[in-house]
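Reader: I'm new to this one and would like a close look at a single part. Could you put it up first?

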Amino acid sequence: MKALLLLIVLIAVVPCVQGQLIANIEGRKTISLDGQWRTIIDPYESGYYDYRYEPSTNGYFKDAKPRTKSDLIEYDFDTSGSLKVPGDWNTQEERLLFYEGTIWYKKAFDYQRKENTRLFIYFGAANYIADVYLNGQKLGRHEGGFTPFNFEITDLVRDANNSLIVKVDNKRRRDAVPTLITDWWNYGGLTREVKLVETPATFVHDYFIQLQKGSRDQIDGWVKLNGTKLAQKLAIRIPEARISKSFATDANGFARIHFDASLALWSPDNPKLYEVAIQTETDRVLDQIGFRSIETKGTEILLNGRPIFLRGICIHEEAPFRGGRAYSREDAVTLLGWAKELGANFVRLAHYPHNEFMLREADRMGIMVWSEIPVYWTILWGNSSTLENAQNQLSEMIARDKNRAAVIIWSMANETPVGDARLAFLKKLIERARSLDSTRMISAAMERHYVDDKTEMIDDPLGEYVDVFGCNEYVGWYDGLPEKADGLTWKMKYQKPLIMTEFGGEAPYGNHGDAMTRWTEEYQENVYQHQLSMLKRIPFLRGTCPWILMDFRSPRRPLPGIQDFHNRKGLISDHGEKKKAFYVMQKYYREMATTSSK
Ligand code: GCU
């Protein structure tokens, strides 16, 4: 039954612009292209540009072979190296750890086309720019290292020996998103799954099925078809709830859907997912969807109408134990399992959209999610292509995860400097997000300032436009010593809920000393103890998200014997060892869980 489920995949014919991705690749008929791919490391992009730095018409994408003994071909995928996909290249070979540039990937495959079907190539993500070719033809380009994209190859695929070539370039650029400096490793490559996806000639292209904003019994959304037979009968079925509603798509293949539904609502205590079927005359899609309402009321965050406190933890998409980019369901289950063990009901996936397994497992495990795009630190606010790029990444993030009940907050940015150009830029992102999804809360991780040495003020002008305020502070680490937190008072200009989206300190696991000695577990523990007593005194605080669940690789952290190019602010080491501060946070969350109905 499941195998027949045809999931949708968004097509993006050449060039791949804003992705209208279909969530739910899981159930469609797919063929994985994961495994070893042939690769050519090309630091000077000789496979793309000629010696005049003009794009060459005869580049590596031709996958050429000498036809005569005199032919001059200066590359050969099939006798070159190989790398595993999915996977970043940096942790697969010592010589590539610091490599930033271009690597060409080649995968050969055969494929028998079936009547009345279409074929797409789907990438979970490629960091940072991917130029994709099939049989020498350019399919398109995708920019952005953390969101999926796909191309239709129905008319290009051949029965045997298809040559799929991807040029992946992770060079950092000032006008990119993120820009030149990040406190995370710039892992390059085909970092997530690659699949062939088969659909009917006219298929369910995209859909949005969630509770209407502020309602707990009205389902509101839409379905969009893609193909030649666009005007069709359509049914939405939720068998377990005995719901079957009929609609019809218009001449553009679009149908608005709206109906009453009394359903068990999704929550951390009861992460109820329903099997939802979208049945058309030519296609059938099944998805596991939870239904919950999320909103703010003054300084309260209401989940299903009831105030809730977000017991959170920040997570980078770094693989536990083996290091490198995380990409698998196992990675997700391990990381979210640790968050649960900490007592968390909420995770901030920093600072970019994580792989879909993280969102699906959060749905299943009942963990609420803050999802963010990498508008990080000082982006080129005045640059129109930077804005378009950020808007595109935002749209792709929302497109993939809009049917996940776990996602409660879309975050536009992290620690961006107050200023007019920045405000204008972020307001445009917020407009885009609200136009794509009116059901979730909008936020950003912002900064605060002192109005006097004892008073922290939160009054970022962006606060006007968000639903929930995120604030990062490092009292006791970058800002004074741990006990400084004891005397601080927090003020906020807005009557809105506050989530302290980052706080903490660093210590490599097993490094011990007294509570005032930097880099020791005792100092980190000391930071947390003072932090928590300060946080408990903030009346409008509705969530906490310590930085960070697990140590992660960072190019900004060279301190030998302590950091060794890792940020050691994890409550858990990258080998899964829990530090003393982990138990301070766990005790606080357990008390919260028992004392408050929140
Ligand atoms: C910043 C930033 C993180 C960074 C952290 C740190 O606030 O948002 O990306 O890793 O602080 O300095 O450890």
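Where is the place of Trp519? Please start there and then take me through what else is worth a look.

Author: Happy to. Keep in mind that this is a predicted model. Trp519 sits in the loop between β30 (498-502) and α5. Its backbone has a positive phi of about 75°, although Trp519 is not a glycine. Most residues other than glycine have a negative phi, and most peptide bonds are trans.

Let's take β30 (498-502) to begin with. Leu498 is one of the residues that touch the most other members of the largest nonpolar core, along with Val375 and Leu429. That core has 102 residues, and helix α6 (residues 580-595) gives the most to it, with 7 residues. Leaving aside residues up to four places away in sequence, Leu498 touches Ile458, Phe469, Gly470, Cys471, Met492, Ile538, Phe540, Leu541, Arg542 and Gly543. There is also a second, separate core of 29 residues, and Trp37, Phe109, Phe123 and Leu134 are among them. In soluble globular proteins, nonpolar side chains tend to be buried together.

Next comes Glu502, which brings us to the ligand. A polar side-chain atom of Glu502 lies 2.7 Å from an oxygen atom of the ligand. Tyr376 has a polar side-chain atom 2.6 Å from a ligand oxygen, and for an N or O atom in the side chain of Tyr478 the distance to an oxygen atom of the ligand is 2.5 Å. The protein covers 96% of the 310 Å² of accessible area that the ligand has on its own. In the surroundings of the ligand there are 14 residues, and the closest are Asp183, Tyr376, Glu415, Tyr478 and Lys569. Sorted by class, this shell has 5 nonpolar, 4 polar and 5 charged residues.

Glu473 touches Glu502, and its other contacts beyond four places in sequence are Arg448, Trp490, Met500, Phe503, Gln531, Met534 and Leu535. You'll find Glu473 in the loop between β28 (469-472) and β29 (489-492). Glu473 has a relative accessible area of 1%, so it is buried. One of its partners, Gln531, is joined to it by a polar contact of 2.9 Å between the side chains.

Now for α5 (521-535) and the loop that runs from it to β31 (541-544), where Arg537 is found. Arg537 is partly exposed, because its relative accessible area is 42%, which falls between the 20% and 50% cut-offs. Not counting residues up to four places away in sequence, Arg537 touches Ala485, Asp486, Gly487 and Leu488. With Asp486 there is a polar pairing: the backbone oxygen of Asp486 lies 2.9 Å from a polar atom of the Arg537 side chain. If you want a sense of distance, Arg537 and Lys340 are 25 Å apart in space, C-alpha to C-alpha, and 197 residues apart in sequence.

Asn135 has a positive phi of about 50° although it is not a glycine, and Asn135 lies in the loop between β6 (129-134) and β7 (137-143). Then there are cis peptide bonds. The bond from Val177 to Pro178 is cis, with omega near 5°, and Pro178 lies in the loop between β9 (162-169) and β10 (194-200). The bond from Ala350 to His351 is cis as well, with omega near -25°.

His351 lies in the loop between β22 (346-350) and α2, so a last stop at helix α2 (residues 356-365) makes sense: 9 of its 10 residues are buried, and the helix is largely enclosed by the rest of the structure. The buried residues include Phe357, Met358 and Leu359, and also the charged-looking names Glu356, Arg360, Glu361 and Asp363. At the start of α2, a side-chain oxygen of Asn355 reaches to within 3.1 Å of the backbone nitrogen of Phe357. At the other end, α2 is followed by Gly366, whose phi is positive, near 75°.

Key. Residues numbered from 1 in each chain as written. Predicted model: local features only at pLDDT ≥ 70, side-chain atom pairs only at ≥ 80, totals over all residues. Heavy atoms only, no water. Core = buried A, V, L, I, M, F, W, Y, C linked by side-chain atoms within 4.5 Å. Buried < 20%, exposed > 50% of the residue type's maximum accessible area, 1.4 Å probe, protein only. Helix = DSSP H or I, 4+ residues; strand = E, 2+ residues; numbered from the N terminus. Contact = heavy atoms within 4.5 Å. Near = heavy atom within 4 Å. Polar contact = N/O pair within 3.5 Å; in protein donor to acceptor, adjacent residues only side chain to side chain. Areas by Shrake-Rupley, 256 points an atom, 1.4 Å probe, with all protein chains shown as cover.
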